[in-house]
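Colleague: I would like to understand how the parts of this chain are held together. May we go through the model step by step?

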Amino acid sequence: MSVDISRLHLKSESDDASSVQSFRQDYIDTPFSGKQDQIEQVVDILDSTGFIPEPLVELEARWFYSSLGIDDVFFARESPEGIASHIHSLYSCKVQAFASDLKVLDQPLIRYKKEAEDHAVFFDTSIPGAPFAPNRFDEQIDERYIDPSYGKNSYRLEYFSAPLHYSNDPILAGVAERFSQSSSNADFAKQHLRCHFIYRTSFTCDECDPNETDIDKIGDATFLKIASPKTRSLYSDIIKKVITTTGPVIQHFPIEESEEYRVVIGYRQKTSPNYNSALSDLADYYKLTTTRKYVEQFSNGVTIISMYIKAGHLENHKKTPIDLLIYQVIKEASLLYCIPHNYFHDLFVKNELSLQEGIYSQCGVIFVTHFLNRLGPEYTKLTSLLDPSKLLQHAEVLNSLKKRLRAETYTQDYIKEVFATRKDIVRKLYRQFADVHYIRSSMEKTLSYQRLSQITPVGTEAEFDALLSRECGQNEHHAIVLKALFMFNKSVVKTNFYTSTKVAISFRLDPSFLPKSEYPETPFGMFFIVGSDFRGFHIRFRDIARGGIRIVRSRSVDAYNVNVRNLFDENYNLAATQQKKNKDIPEGGSKGVILLDPGVAQETPKASFEKYIDSLIDLLLKQHIPGVKESYVDLYKKPEILFLGPDEGTAGYVDWAALHARGRGAPWWKSFFTGKSQRIGGIPHDEYGMTTLSVRAYVNKIYEKLNIDNATVRKFQTGGPDGDLGSNEIKLSRDEKYVGIVDGSGVIADKNGLDKAELLRLANERKMIEHYDKSKLSKDGFIVLVDDNDVTLPDGTTVASGVTFRNTFHIKLKEIYGLDGVDLFVPCGGRPAAIDTNNVMELIDEKTGKCIVPYFVEGANLFITQSAKLILEKAGCVIFKDASTNKGGVTSSSMEVLAALSFDDKGFMENMCINSSGVKPEFYENYVKEVQRKIVSNAQNEFEGLWNLKAATGEPITELSDKLSQSINKLADELAGSKEMWSDDQAFRNAVLIDALPPLLLSVIGMENILERVPETYLRALFATSLASKFVYTRGIDSNPAKFLEFISSLRKDFTARSLL
């Protein structure tokens, strides 16, 4: 629908003062001069239809025009026929209300909707402060129109609310008469009629550049016609701020000559589901009346909500100043954006929990879901009886039991139920949380503080236990859940919960609460993040640590529930593997995970990633920017830096993260993320094959040690030519003969060998095996894609499901290739634990007990479980695990971080960043070559160390790899904390650093500048890991003092000979 703008012009004798006033503030500053003519046409239509009795026709028309608070813009755009239709529908609702046994507090008096392809109308009634939550239209409107809005499929909303004015309407007056003598009379009198008008937008450019700010290019045609110059200017300013920040932009100001305040909020589309309806709930909570609301969409992906709010009726309450109420709404609108509809939103709507208490409770539920120790003392006892270190099957049984206990005992729904039932205790725990993290000076006069001060805190742990004994004495399960929430409070050392302009809630946790029985090695630090449509963690095992951030998606609700159960354990295991892998670089191991909620979030992963990163930065920077970022309580009291990188689903977002950190004022923005594009100093692993160089070093070393001609090797690989590791493995594979590859699209196999030139083509083009030219297969070759069903293979076997065939092909090698058809298996992709003790026997000849694949080099992280690796090795397989082989990428990233820390901004841009013409600086190209040499050198050194240890001890390489990593990490931690080694002999310290630092970096930047610019904690880590790895690789895993002193002595001699000392 379009507005007939010609019908909107100044009528000097207008008697509609309210319309003039409302237009003056936001939209066209003149009333609809054709209103009276339109009313007459509407009355004629109503009269001719005959549905409404003739004496009531004019009354019904006047009631619709004058009593509902609807702006003239609506009447100017709507036809008389459309308005008559609305009046008929509302009349029928009123008649039904008159004829039915209505319970005014349980259901709306009027409820009507009409939806068409390009517009919709919703009318309902409500009682301010007691909305009909199950029946309201607000959530439906958000879910159908506002939240999905994007590009040409966007909708704008105009909302009007006014007292019902039932005394002006004979039918409603009749309904009111029935309530006059009942207890519901007062409630009936409070009712408001709420009108929602929704229109599809019309843009000149349906999907403009997200950074476009010209409102004439990105605005809806209707908005551009009816918006006043003041509103256009205001919205332009807000849009400019939205595109340069991550969260909502909130402004407010009083309306001249009015009791109303205008609250304007801009934010990115699809970043906060149900935010529009939640804002209405927030106003209701504070007994404020939203008289009008406009939701405008812009084709650059920005939504702006404009609300007009005034004080509601506060009977039996001391009237709170309107400015204090508005301040509280503004303050909480930012918190609400983070989680618009928390798990306890219904209790918030009923005024049983405040917004802060509700969102705190949701964060608590998620924490308790992941960290409540469900295993109990019986499981601990069982682990002592079934020692997992003595029998591999015990380890797998215990692991399966652990998963089942976690899934079937305290579910998230049960924990939510406990919180709701015990909300009074939860509120006391919130008070305890707030007492620690709420900064007093900024809250003493706020409504939040007044409300908080009325809650009795829980006191000490002993007092809390006594409270649980009194309140939950008959329900041990409730007490266990609430104790876990108490543990959450104790573990939080800093949070952005009370800072303004946040986009997700982040907590820095002290991880000492993790039970040793489940997590043997306690992480150094943990972050826990909760957003409107995701949850996430970040775990690191050292102060200085680096690792990727991955997004976990779920194809169904069932898959999501499985991912929830496994999320933290997978995060922990990935970070622990990274810690082992990072043994010979300064950064320890870390990992971050983001689990997207089911539904819309699955389609907008970047929005969740941005919130995750921004909320992490909140706790890494100590900023005080009035009105933007307040300070927070920091119980950790030490500076922290995280070094992050790309992982599954995040490679395309890395540049944004680095530049966003720079925009936030982070001095470490250059090193914050590795995997950046080359224009901002990144070293792409895939372009230079960094990850694969390390894997290939192990493959080549196996050939060298066992005198194998690579041309005779038949090779199988998971992870296809479309991926980083898979494509580069193909490119570097020398003369090996590929007999099979599995990737996301399916399976390709040919026991006679796949065409190498065709594989190289796919690898260079980064395409999956579904694009392989089938004419190049031999008579025994085949391709089965995931969408295929009932496929017959060349040997006559029928494949019922392509998906199942793809998912299990790696353990079907025996039946596909026979007992002697594959020599080398290099996993370059696939889910963790793809091979475990349940299926590993498929790779072993049951007659001879020998592994049917002689050589395994595990490129993909955690592809094979530890127990399965040991079974394979016992069966004669030469196998090297991921923590040893897949470290090329981390070495490259470490050297990228080091360069970023060493250069100042100017030097970084000149030496590490490719210019707009695509020209790489000479330093950059030479530095990449140094990185590649270092990767191969580190891999070869570890291979030699493991090979020699195997020869000396006879122990499995799988276990030796862990022992070697543990030895290096343990020694490095001791050296990093040694004052004597670091401070007392600075000449030796500097010699170690010069030996460890890339020669090119030293020659260009100089040692003095590096010592000045690189954080001391990082240099200590570099010093310690350089010494520790060199010692273990050359002297073995036994780091007794005498052997170490001999090592240091020989190192001094070497440094002296090289003039470093």
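Colleague: Is glutamate 942 buried or exposed?

Modeller: Please keep in mind that this is a predicted model. A residue counts as buried when its relative accessible area is under 20%. The relative accessibility of glutamate 942 is 0%, so this residue is classed as buried.

Colleague: Which residue does the side chain of glutamate 942 meet in a salt bridge?

Modeller: The N to O distance of this salt bridge is 3.1 Å, and the limit for a salt bridge is 4 Å.

Colleague: How many residues apart are glutamate 942 and lysine 583?

Modeller: Glutamate 942 belongs to helix α37 (residues 922-953). Lysine 583 is found in the loop between α23 and β14 (588-596).

Colleague: Which residue forms a salt bridge with glutamate 944?

Modeller: The closest N and O atoms of this pair are 2.7 Å apart. Glutamate 944 lies in helix α37 and its partner in helix α28 (residues 690-706), so the bridge ties together parts 243 residues apart in sequence.

Colleague: What is the N to O distance in the salt bridge of glutamate 955 and lysine 963?

Modeller: Glutamate 955 counts as partly exposed, with 23% relative accessibility. Lysine 963 is also partly exposed, and its relative accessible area is 32%. Their side chains meet at an N to O distance of 2.5 Å.

Colleague: How many salt bridges does the structure hold?

Modeller: Salt bridges can share partners, and in this way Arg550, Glu570, Lys591, Asp647, Glu648 and Arg831 are joined into one network. For the structure, the number of salt bridges is 67.

Colleague: How are helices α15 and α23 oriented, and at what angle do they pack?

Modeller: Two packed helices are described by the angle between their axes and the distance between the axes. Helix α15 (residues 355-371) and helix α23 (residues 557-581) have axes 9 Å apart. Angles of 65 to 115 degrees count as roughly perpendicular, and that is why α15 is described as roughly perpendicular to α23. The angle is about 75°.

Colleague: Which residues of α23 make the contact with α15?

Modeller: From α15, the contact involves Thr369, His370 and Phe371. The residues of this contact divide into 4 nonpolar, 2 polar and no charged. On the side of α23, the residues are Val564, Leu567 and Phe568.

Colleague: Which residues have the most contacts inside the largest nonpolar core?

Modeller: In soluble globular proteins, nonpolar side chains tend to be buried together. The largest nonpolar core here has 110 residues, and its largest share, 11 residues, comes from helix α43 (residues 1016-1035). Apart from this core lies another of 101 residues, including Ile359 and Tyr360. The residues with the most contacts inside the largest core are Tyr927 and Leu1027.

Colleague: What percentage of the residues in the protein chain is buried?

Modeller: The protein chain has 44 helices and 24 strands. The chain comprises 1061 residues, and the buried share of them is 59%.

Key
Residues are numbered from 1 along each chain as its sequence is written. This is a predicted model: local features need pLDDT of at least 70, side-chain atom pairs count only at pLDDT 80 or more; totals for chains, interfaces and linings use all residues. Side-chain values use heavy atoms; hydrogens and water are left out. Axes are lines fitted to C-alpha atoms, for helices over the stretch in contact, and angles run from 0 to 180 degrees between N-to-C directions. Helices (H or I, at least four residues) and strands (E, at least two) are DSSP runs, numbered from the N terminus. Angles under 35 degrees count as roughly parallel, over 145 as roughly antiparallel, 65 to 115 as roughly perpendicular and the rest as oblique. Contact means heavy atoms within 4.5 Å. Ala, Val, Leu, Ile, Met, Phe, Trp, Tyr, Cys and Pro count as nonpolar, Asp, Glu, Lys and Arg as charged, and the others, Gly among them, as polar. Buried means under 20% relative accessible area, exposed over 50%, partly exposed in between (1.4 Å probe, protein chains only). A nonpolar core is a set of buried Ala, Val, Leu, Ile, Met, Phe, Trp, Tyr and Cys residues joined through side-chain atoms within 4.5 Å.
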